[in-house]
Amino acid sequence: MSLLEVRDVSLRFGGVTALDRVSFSVERGEVFAIVGPNGAGKSTLFNLISRFCEPAQGEVRFEGESILGRPASGIAALGIARTFQNIELFEHSTVLENLLVGRHVRRRADIVSQIVFTPAVRREEIAHRAAVERVIDFLDLQPYREQRIAGLPYGVRKMVEVGRALSIEPKLILLDEPASGLSPEETTDMRFRIDDIRKRMGATVLMVEHDMGLVTAVSDRVLVLADGQVVTAGTPDEVRTHPKVIEAWLGADAGEAA
Amino acid sequence: MDSLQLIVSGLANGCVYGLIALGFVLIYKATEQVNFAQGDMMMLGAFTALGLANDSHLGLPFWVACIGAVVIVAAVGWLLERTVLRRVFGQSQLAVVILTIALGFVLRFVAGTIWGHDPLTLESPIAGVNVRLGGLVLGLDEIAVVLVTLLLTAALFAFFRRTKLGVAMQASSQNQLAAYYMGIPVKRIHGFTWALAGATAAVAGILFASKGSIDPNTGLLGIKAFAAAVIGGFGSLPGALAGGLVVGLIEPFAARYVASGYSQVAPYALMLVVLILRPHGILSQVHGKKV
Amino acid sequence: MRVQLKTSYHHDIRLFPDARRALRFAGLVALAIALPFGLDDFLIGEATNVLIWAIAGMGLMVLTGHAGQPSLGHAAFLAAGCYVNAILMERFGLPFLASFTLAGIVTGLAGVLIAIPALRLHGIYLAIATLALSVLTEDIIVLAEPWTGGVVGLVAPTITIAGVEVDRYGSPDRFYWLCLAVALLVTLGYRNVLRASLGRAFVAVRDSEVSAQAMGVNLARTKAAAFGLSCMVTGWAGALMGHFFFTFNHEVFTIVISIQLLLMIVIGGLGSIQGAWYGAIVVGIVPQAINVARDWVTGAFGGGGLAIPGIEAGIFGLILVFFILFEPLGIHGRIMKWRVWFDLFPLCRRDMFRRQKSYLRTERMR
């Protein structure tokens with residue numbers, strides 16, 4: 001059974017078809033990349049999986065169960081975390097507090113005991129902090145842990161978003177353009193992080209990315225999307241040499257360059 | 001016959017609400033700011049006209065006083081934008097809301113200091129004159145209110161639809177930075193909008209004052225006009241007028257057919273119903289945010 | 001610059017980051033407890049007023065400052081708490097502690113009920129809807145005359161706690177201590193919420209609804225919780241306010257009170273517990289300062305009996321305009337900046353606190 005299964009999904013905004021009968025499945029433990037030109041429907045696909053929009057038809061299953069009946073806030077609890085293309089952090093909070101929000105789905109205490117701050121709540125808080133601290137160590141965010149997001153450089157923010165998603169302890173993590181806006185050094189850094197997320201955190205990675213270097217380096221399989229339709233899918237090498245991909249997306253003479 | 005009379009007086013009241021609501025919408029459409037002091041600007045317009053026209057004050061001819069009031073309140077609006085609101089340029093809507101509420105307090109205080117806190121009446125040539133239409137007795141003031149309102153709404157509507165400036169105003173509200181890049185003088189447009197809203201408020205104030213007495217707390221009428229603007233959908237000029245008329249009409253009828261206590265309650269209850277059923281007003285302009 | 005060396009997770013979640021601050025707070029509390037011994041009855045009353053405003057301010061702060069939901073209608077919940085408390089004491093003969101607790105709970109539940117339709121409203125629309133709520137409250141009090149006494153109003157019964165009578169006029173010091181106890185308990189509970197997951201959920205909803213949802217924060221439930229807690233605390237403030245005013249009717253809890261409450265927490269500094277307290281102190285001091293200034297003016301220039309109605313609201317409005325323009329983070333923000341400045345002295349750069357230029361994108365996209 002695949003971890004995530006997207007079957008025959010279609011979505012229209014007004015007259016525009018954003019997704020047209022898209023199907024694919026993500027296996028446990030792999031890094032799966034979605035590539036395609038702007039407007040191909042990649043982010044829409046992510047928004048669909050995180051339940052920010054509703055498909056006109058089709059089915060999305062996670063661990064064999066449909067997630068389409070769940071609200072957007074019920075997705076994290078299943079073990080699906082995500083980052084955003086244009087960073088959506090809690091600007092006025094510190095890095096630590098941002099990551100702690102990721103622990104929200106793991107909370108146990110009810111409102112009254114939180115107001116009283118019972119010993120049980122205290123124990124729970126400490127457990128959350130221990131978990132978050134592991135993520136901070138994992139991503140080397142120690143220098144920033146007490147700083148507010150508003151003053152942080154872009155590359156660090158991107159990493160904090162990854163960290164916040166990891167704090168959920170997800171089975172599947174959706175990365176929306178993790179390398180966009182990063183310097184070449186930071187992109188290399190991100191590449192190793194993604195590798196580590198899979199190997200050391202044991203999470204499956206589904207990502208949307210434009211940087212073909214990064215995609216080729218980290219992903220096991222690649223799905224090519226254009227105009228809301230699946231062009232092809234396969235290993236990075238298969239996809240890169242696929243005639244339709246070269247023609248439709250990279251341009252006629254880009255085959256060798258890529 | 002009786003209910004016809006109710007309708008006419010309701011329409012006249014509704015037009016005043018509609019005019020204040022028009023001011024809200026005008027500013028909202030062009031700057032995306034919400035001016036909670038619009039009601040107080042209306043009050044200021046009424047008092048300025050009164051101060052210019054009444055014999056106990058300056059005693060200028062009525063029409064001169066009217067034009068004077070419109071010009072003065074427009075200038076006040078422009079000045080407020082220039083000195084105060086421009087400093088919160090680009091900040092959240094809530095900051096502007098709180099700022100304009102505070103400005104309303106200040107305007108009320110200023111008016112109270114100049115003209116006192118007792119109710120005063122504007123000496124207007126159209127007050128108390130009755131017109132006989134068939135069997136119907138209508139106040140000239142009421143007819144004037146309806147006519148002026150219709151004219152003003154139509155003019156503003158055409159302005160936003162047809163003129164280059166009107167379209168530029170709408171553009172600047174939706175994305176200030178992009179509007180800048182397209183060469184739209186965003187700040188100057190904001191100043192102009194506030195002046196326009198001030199002029200509208202002055203007209204509303206004069207019309208309101210010719211129907212009854214005014215005091216510095218008259219500005220609280222703005223809250224009712226808010227209900228009107230919301231009922232009509234915040235971004236629509238005809239909607240604002242329609243909302244004002246609905247509020248104006250519902251008041252006397254609620255008082256007559258339910259109980260007198262309910263005439264105050266009805267507009268707000270209606271607004272809450274509209275907000276719950278259509279959270280962004282009847283003529284909605286809101287779309288979902290993209291991530 | 002002071003650096004804290006943290007050696008355990010407890011350091012991050014305890015009430016005070018270091019012993020110095022704990023001591024300072026203890027000193028403040030001791031001073032507050034001792035206050036009635038040094039003041040006359042009138043000033044004790046004014047101090048009590050500040051405490052009640054602080055409680056109400058904390059009630060609104062959790063909703064507006066932390067959960068990001070503006071309310072221009074909190075006078076409605078002050079009224080609810082006030083009337084429920086008085087009716088429970090008068091009609092049902094409940095002792096004060098029971099009626100007081102219930103008043104908060106009932107008001108909190110009312111808040112949750114109101115939150116359900118309000119969940120669909122954002123920013124400005126929510127502000128307007130709550131404004132309408134405040135306007136409606138005055139009329140509802142009049143219409144519900146059999147319970148509320150309508151325009152005549154009610155008289156707050158005398159409070160008896162464990163055989164000790166607490167009366168606003170008879171024993172203002174005891175009433176002051178009662179309000180102080182409530183204020184301190186509310187502050188503690190508020191602080192606890194902020195260091196637990198609920199407080200973080202509030203801030204998450206305030207700063208980005210989209211990513212809050214992606215993190216598993218249920219918007220409806222979180223906002224309802226914010227409304228519930230906020231209204232509960234506001235209800236308590238209202239109950240105390242009823243005893244403070246002694247008699248009250250529909251004209252006490254007007255829209256102006258709602259607005260003043262919101263303006264108060266903005267002056268104090270949105271998003272901090274201290275902000276509610278600073279704001280309350282300003283609200284308490286302004287009328288006194290105006291009185292002093294008036295006495296001074298009439299003393300210096302003669303012409304006695306100079307009374308300007310509406311001057312309080314006017315001056316309050318001016319203070320607020322000043323704050324929004326020059327210190328949008330309120331008194332709390334100003335104090336934090338001074339603290340940083342002293343900590344870094346002489347390394348502070350001139351532009352350190354300069355606001356970044358920002359441009360508004362339409363909020364019609366929601």
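Modeller: It's a predicted model, and chain A averages a pLDDT of 90, with 96% of the residues scoring at least 70.

Biologist: Where in chain A does pLDDT stay under 50?

Modeller: Over residues 254–258 of chain A. The model has six contacts beyond four places in sequence for that stretch.

Biologist: OK, what's chain A built from, how many helices and strands?

Modeller: Chain A has nine helices and 10 strands. Its C-alpha atoms fill a box of roughly 65 × 40 × 35 Å along the principal axes.

Biologist: And what radius of gyration does chain A have against a compact globule?

Modeller: Chain A comes out at 19 Å, which agrees with the value near 18 Å that a compact globule of 258 residues would have. Buried residues make up 45% of the chain. Of the contacts in chain A between residues at least 6 apart in sequence, 65% join residues at least 24 apart.

Biologist: How many bridges between strand 1 and strand 2 of chain A?

Modeller: Seven, in the antiparallel sense, with strand 1 covering residues 4–13 of chain A. One pair to look at is A:R12, whose bridge partner in strand 2 of chain A is A:T17.

Biologist: Now strand 3 of chain A: enclosed or open?

Modeller: Largely enclosed by the rest of the structure, because five of the five residues in strand 3 (31–35) of chain A are buried. A:V31, A:A33 and A:V35 point one way, A:F32 and A:I34 point the other way, and all are buried.

Biologist: What does strand 3 of chain A pair with over four bridges, in the parallel sense?

Modeller: One partner is strand 8 (204–208) of chain A. Strand 9 (221–226) of chain A also runs parallel to strand 3 of chain A, joined by four bridges.

Biologist: Switching to chain B. Which residues are buried in helix 6?

Modeller: In helix 6 (164–174) of chain B, B:M169, B:S172 and B:S173 are buried. They cover an arc of only 100° around the axis, so they lie on the same side of helix 6 of chain B.

Biologist: What covers the buried residues of helix 6 of chain B?

Modeller: The cover includes helix 1 (2–31), helix 7 (176–181) and helix 8 (186–209) of chain B.

Biologist: Last one, chain C: how many helices and strands?

Modeller: Chain C has 15 helices and four strands. Its radius of gyration is 22 Å, close to the 21 Å that the globule rule gives for 366 residues, so chain C is as compact as a globular protein of that length. As for burial, 47% of the residues of chain C count as buried.

Key: Residues are numbered from 1 along each chain as its sequence is written. Chains are lettered from A and ligands numbered from 1 in the order in which they are written. This is a predicted model: local features need pLDDT of at least 70, side-chain atom pairs count only at pLDDT 80 or more; totals for chains, interfaces and linings use all residues. Helices (H or I, at least four residues) and strands (E, at least two) are DSSP runs, numbered from the N terminus. The radius of gyration is taken over C-alpha atoms; the globule rule is 2.2 Å times the number of residues to the power 0.38. A residue is buried if 20 or more other C-beta atoms lie within 10 Å of its own, exposed if 12 or fewer, and partly exposed in between; C-beta atoms are placed from the backbone. The arc is that of the directions from the helix axis to the C-beta atoms. Two residues are in contact if their C-beta atoms, placed from the backbone, lie within 7 Å. Two strands pair if DSSP finds at least two bridges between them. pLDDT is the predictor's confidence in each residue, from 0 to 100.
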